[in-house]
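Hi,

Here's the structure I said I'd pass on. Have it open while you read the rest.

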Amino acid sequence: MAYYKKNNERHISVHTRQQSRIWGVLLSVLTILWVYILNTPIGALPPLGKILDPQSGCMANAEPVKKSFDLNTAMSGISKDSKVWYDDRLVPHIQAANDHDLYYIQGYVHATFRLWQMDMQTRAAAGRLSEVAGEKTFEFDRKQRRKGMVYAAENSLRAAEDDPRTKEMLDAYTAGVNAVISSLSYSSYPIEYKLMNFVPEPWSNIKSILLMKYMADDLTGKTDDIAHSYFRTILLPDNYNNLFPDKIAGSTPVIPEGTHFPPASLPTPAAPQEQNAFPAYKAEDFGYEREEGKGSNNWAVRGSKTKSGVPILCNDPHLALNLPSLWYEVQLQTPDMNVYGASLPGAPGVVIGFNDHISWGLTNNYRDVKDYYEIKTVKGNPDKYWFSDKQVPFKKRIEHIQIKGQKTFADTVRYTIHGPLIYDEQYNENGSLKRPLAVCWMGHRASNEMLAVYMLNRAAKYNEFTEAIQHFECPAQNMIYADKAGNIALWGQGRFVNKWYNQGEFVMNGWDSSTLWGDYIPMNENPHAMNPEQGFLSSANQCVTDSTYPYWYNGDYSELRAWRINQALSEMSDITVSDMFALQNDDYSILAGTILPVMLGYCQDINNNKYLDTLRKWDGRLTATSMAGTIFQLWWRNVYLGIWNDDLGHSPDHLLPLAERTMQLMITDTTIRYYDDRATPEKETLRDIVRRSLTRTTDSLTRKSKEESLEWYLAKNTSVTHLAKIPAFSFTGLKTGGWGNTVNAMKGNHGPSWRMVVQMSKETEAWGVYPGGQSGNPGSRYYATFLPNWVEGKYYRLLFLSPQTTGQDARIIYTWNLKPAGKE
Amino acid sequence: MRYLTTIISIAIACALLQSVLPWWSIAIASFVVSLLTALRPGRAFIAGFSGVALWWLILGFIRDVRNEHILSSKLAALFHLPGYISYLFFAMIIGGLTGGVAATAAAMLNRKR
């Protein structure tokens, strides 16, 4: 060492020492610059040094597999001792002394496990994603603002805060969420905050309401009024009604046929003159693009049809398949309530579930509660529009859309008597009508669905159930019910307007007062049935009633799943819960079963096609590994598009007649002109289209099968995608059968978001599964725990603790002992 | 010996500073320790790199093993790296470079003695 030092000093002259110091300074600057770069986001990249740091970066979210979730703590937000017991699936069973403490803890638990998701979903609802995601979500945000999402939430927040029950519920929940947020630091933020480089902001009541509006928009926000206006423009009325019937022939409606409806208490409003009601359009006035709809199933069977002699209730709402999951299982217990089910992280209460007395489930009702109005602005004055021969000033709402890394965008949205101008000279999009359009949506109106949730969670008998659902106005839902007294019931529930014939089926004249929405239909006249003779009730997004229902309505219905469910349930007896599991996972395609023989009939003479041979032996089940399923789906698609695309392919939203209607026409009417392909000089028949489609299908399958297997699950690629679309946090190519039109409605990115089966025995027996896990943390073993079972159609027995439990159960593995802190 | 002591000192200094300061305190730790020990620049770089790398790798591995590689595998995929170990080494290299550059800068400034 000494030698080294001497040697060193001898060789370094004053000159090189200075040089070295200059290098030292330069390197110091370089170090600072290097650190600065690693601490700064570059484009969409997060600050690299910050996230790679194993102390506080991403690895801080690597939750130890053996982590204990036990907790003993004092909380300033609660007034009495409370408990949270976690079972082996990390489902919390919350026991509190009063409502306030209960919802405070529910907020606390939601935020502990799902905070980032709650933040993102409410941002999405409010059109505030661009603040954190940048320009790529700007168009989405702008559309949300144009739809009036925040306006809608503000209206309903007033309703929720006017009721002391929901006010307390929301305030407590918000305080619980905020207690978690204020306890966090960078290292304990959910990992997505680090990767997207933003921080959580305080929760508030409106965020919970925004979440409800997000669901309302998801379920009722898509309406085909514009597309129907297009078809009305290009088709003769007879053809229109033939292709797009209000009620499809042979429908097995939600409320069974033959159910007696009392006469309407309100007279049917007189329809205005055609030219007053609807503007006239030309085909060129429309744009086109398409997105896919959603579906759900629920049913209940009476004791007379079950082996146990008590009712069984089943529900599987189909929604976008995302991680963290939309649902979070929870049990909530106070001295006057004991409820278990699926909750929405971001909102208090249980949305779908059961208590010690009743069980309930939801499917989307699909009655049209969103209408478009063309607005005539006053020429030369963008501040006013014509209504009833008068010039009326718009109410203006300026939407400030913050965009990460860019200037804030200000969008003036003009509100009319009908609602906000979603499209105007400044804003339009594919799939819309190129006119100023106002949107009138039930979701804009003040309603308090939170109160319905509050009351449902506590309902002990049928009339309490019906009182609770009075407050569920939008999104309208088919609400299935079963209780321990042996009753089953089904309501097509929501807030509906007494419409004149065809009101709102097409874009209406916004300047004529006769097109305004009129009175509400009294809710006790909403379609419903209880304990029908057939011994079961079911809904699967089909038409709500038969034609004897006295009020006119339209909607976006599909029938195939309903046909299958009703057929299956009517044939079943001595039903067990296993039978119900099987039915929820049923992948028989009633479309294939009905139309494939017809298609094969046109190809009887073709003997050298191996795909055709496969189909001839097929049982119509879209199992995960079925090759025939893939072949049929593709062939059907080619037939379907071959019939419609040349005639109707330019429709807005790419709306075409339903598959079930197409199927019916192919069987009953082989002469309609739509079979002819207008792109060719020859006149094609249905037989030509079917055979031509087969050739196309064979060609593309031959090409495809060289590279990949034709197994159905690979062809459809069911995926559960992380909300930020991070592939590493997502799951693709899941081995599932089914399709949107089978009971097991497993599509590419849509499917059964929560499968539940409840047997109303003395001790409630319930099973459930959802495609995710209780933790939203991709670094937790609880992130996607349930996914394998969900894929295989297996269920978990749900642990429903008895009222006043002390948490003594072998399945309880962690406990939170919570005591009130500080102020008394 | 001094070499090894420096490396371990840097690792410990990083661990201490990081418990109160953000990740970039590893640069401060390396800089200060290097200033005090006066290694030649090349050796200082290796000491700074190794000190931080040691700390980040040990911490990363402890967290990863307890997590049974659930998250590191996903992070590796996120960064298009071949496997969970490569993620830990990738982080180690970035941390190590930070420590290395900081230690070298200090060594250069220190050469007046």
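This is a predicted model: local features need pLDDT of at least 70, side-chain atom pairs count only at pLDDT 80 or more; totals for chains, interfaces and linings use all residues.

Residues are numbered from 1 along each chain as its sequence is written, and chains are lettered from A and ligands numbered from 1 in the order in which they are written.

Start with strand 10 (residues 358-364) of chain A: 7 of its 7 residues are buried, so it is largely enclosed by the rest of the structure. (Strands are DSSP runs of E, at least two residues, and helices are runs of H or I, at least four, numbered from the N terminus; buried means 20 or more other C-beta atoms within 10 Å of the residue's own, with C-beta atoms placed from the backbone.) Ile358(A), Trp360(A), Leu362(A) and Asn364(A) point one way, with Ser359(A), Gly361(A) and Thr363(A) pointing the other.

Strand 10 of chain A pairs antiparallel with strand 19 (residues 477-483) of chain A over 7 bridges; pairing takes at least two DSSP bridges. There, Ile358(A) sits opposite Asp483(A). A hairpin through 2 residues links strand 9 of chain A to strand 10 of chain A.

As for the chains, 32 residues of chain B are in contact with 36 of chain A (C-beta atoms, placed from the backbone, within 7 Å). On the chain B side, helix 5 of chain B gives the largest share, 10 residues.

Cheers

Methods:
Two residues are in contact if their C-beta atoms, placed from the backbone, lie within 7 Å. A residue is buried if 20 or more other C-beta atoms lie within 10 Å of its own, exposed if 12 or fewer, and partly exposed in between; C-beta atoms are placed from the backbone.
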